[in-house]
Amino acid sequence: MSSLPNFHFQFDNAFVRELPPDAEVRNYRRQVLGACYSKVLPTRVSAPQLVAYADEVAQLLDFSPDFCRSGLFTEVFAGNQLLEGMEPYASNYGGHQFGHWAGQLGDGRAINLGDVINRQGQRWALQLKGAGPTPYSRNADGLAVLRSSVREFLCSEAMHHLGVPTTRALSVILTGETVIRDMFYNGNPQAEPGAVVCRVGPSFTRFGHFQLLAARDEMGLLKKLVDYTLQIDFPHLGPPSRETYAQWFDEVCIRTAKLLVEWQRVGFVHGVMNTDNMSILGLTIDYGPYGWLENFDPDWTPNTTDAQEHRYAYGKQPSIAYWNLGQLANALFPLLRREEPLHEAMAHFVSHFEQGWNAMMAQKLGLQESDALAVVELIQELLKLLVLVETDMTIFYRRLADFDQDTDLNDQTWRELVLPAYYVPDQLSADYWSRLEQWFRRYQSLLQTSATPQSARKASMNTVNPKYVLRNYLAQLAIDKAEKQDFSMVQELLQVLRQPYAEQPEYERYAEKRPEWARHRAGCSMLSCSS
Ligand code: AMP
Ligand code: MG
């Protein structure tokens, strides 16, 4: 591999520089002891083809449109070329998968290229996903298919524009090669188009990075990695000490609480909240079989691998995050040697999540006083109503902003307002309507006692209740087209999802509820880890 001189970017590969490498440089699957990463090159691909790139992410990296449209860009972000300054590596981590310790996992199909330092001095780590095997690939191929790559690309950007902390995605590129996947692990392997996504984030450090070192009793290395993380990702906490370790874990807990409030706000279900998929920075990371709530159902998970247990269902996400933080606390205990600060930080997760969630829910309803008993009761009753009949979460909240707080509830306009949110008209019994009417009466009286004018309430609600989310079936339609070499819908969705809170009348069709055909279609209502 050669590096080309035409485009120059400043790289600062701190992870490679500061942390110990694997002494073995040959690329074969193995347990990697006493090292945070292994040097490994992406595998060459035969015919890379750009599907889409995200202009905003390119701008973060000071990449010009000329560069992004160049052949070189496609070669680099498919893994065929290195830019000067790139030092590819795969990192070493472990994790709890579905509640069980899984030992070494690592970047089995992710290859880090290095960290760009942009003109503002920000650090942005670049990581290819699907660029071939690494020492951490275990029994898998290190590759990714187009469908999961498009899903990661679009969802990363959609989440960012929704205001949810997330890693970003620069590009999605077809490799020109096929990848064999048995999508539902039921003996139907198929050749699918392969692709590579370039993800971008301040860092890709996961809870599992620390867990693996603690599990192996590699205490010197654990301390090194924690000190490194403090220096690079949490520099405001100051030099490493047992006090800063405690403050750091506290901040991780609070960031994670904020992340979970945001997921619950927009109806995002991660699908695989294993501890190796938890970012130390509180970012959404590793988009696999994620999904968006269509009808509000706390027990829903898109992940067929979790179909029995529903461990990672929407409603369980906050408690799973707490459990995951507990695993991280266990890993950090040998450094702190005191339980108390760890318990306190975990308690902060709970209090920040609860307060944040109450405030978020109140804002979704356009109410200010989230602690008032009447507001809390109103929210609880709404959550019960939303599951009584299949109710599209996104449409329901969005339309609530148009509720006229001075309307005479006897005139039924409130019914017309929410009607488009329901999936099954037959479920709308007289009992249901009367209970919903009671709810609207309580809601109306709370709105009337607040001093907020209706227009301000609507504007505020529309900043937290998106009009556009990456509905599962929309992503699948874009994938169906992309698999036939038509990338227009990927690009169009990227465009719509740039402004998820804006009315975009030309894209109204992307705000519609899931059509009936998508109810049971693979990729629309259920996904597997196979990607
Ligand atoms: P995930 O469920 O995607 O978070 O992946 C769990 C672990 O499996 C991580 O270590 C991944 O790097 C690894 N992995 C997932 N898919 C592949 C693949 N196709 N090839 C190699 N490693 C993989
Ligand atoms: Mg993962």
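A residue is called buried here when its relative accessible area is under 20%, exposed when over 50%, and partly exposed in between (1.4 Å probe, protein chains only). By that scale Q405 is buried, because its relative accessible area is 7%. The structure is a predicted model, in which local features need pLDDT of at least 70 and side-chain atom pairs count only at pLDDT 80 or more, while totals for chains, interfaces and linings use all residues. Residues are numbered from 1 along each chain as its sequence is written, chains are lettered from A and ligands numbered from 1 in the order in which they are written, and side-chain values use heavy atoms, with hydrogens and water left out.

The Q405 side chain makes a polar contact with the side chain of R457, at 2.9 Å. Such a contact is a pair of N or O atoms within 3.5 Å; within protein, one must be able to donate a hydrogen and the other to accept it, and residues adjacent in sequence count only if both atoms are side-chain atoms. N324, in helix α9 (residues 317-336), is likewise buried, at 1% relative accessibility. A polar atom of the N324 side chain lies 2.9 Å from the backbone oxygen of M273. Q81 belongs to the loop between α4 (71-78) and β4 (82-83) and counts as buried at 17% relative accessibility.

Turning to the aromatic residues, rings of Phe, Tyr and Trp (its six-membered ring) pair if their centres lie within 6.5 Å; planes under 30 degrees apart count as stacked, over 60 as edge-to-face and the rest as tilted. The count by this rule is 36 aromatic pairs. F268 and W292 form an edge-to-face pair, because their ring centres are 5.5 Å apart and their planes stand at 70°. F268 is in strand β12 (residues 268-269) and W292 in strand β13 (residues 291-292), so this pair ties together parts that are 24 residues apart in sequence. Both F268 and W292 are buried. Elsewhere, ring pairs join F403, W414, Y422, Y432, W433, W439, F440 and Y443 into a cluster.

A charge sits over a ring if NZ of Lys or CZ of Arg is within 6 Å of the ring centre and within 35 degrees of the ring normal. K513 lies over the face of Y423, 5.8 Å from the ring centre, and the charged end of R514 is over the Y423 ring at 4.5 Å from its centre.

What of the cysteines? With a disulfide taken as a pair of cysteine sulfur atoms within 2.5 Å, a search of the whole structure finds 0 disulfides. For C524, the closest cysteine sulfur is that of C155, 15 Å away and too far for a bond; C524 is buried, at 2% relative accessibility. C529 is partly exposed, at 26%.

Around ligand 1 there are 17 residues, of which G106, G108, R138, G142 and N277 come nearest, a residue being near if one of its heavy atoms lies within 4 Å. A polar backbone atom of G108 is 2.7 Å from an oxygen atom of ligand 1, and a polar backbone atom of G142 is 2.7 Å from a nitrogen atom of the ligand.

Conventions: Helices (H or I, at least four residues) and strands (E, at least two) are DSSP runs, numbered from the N terminus.
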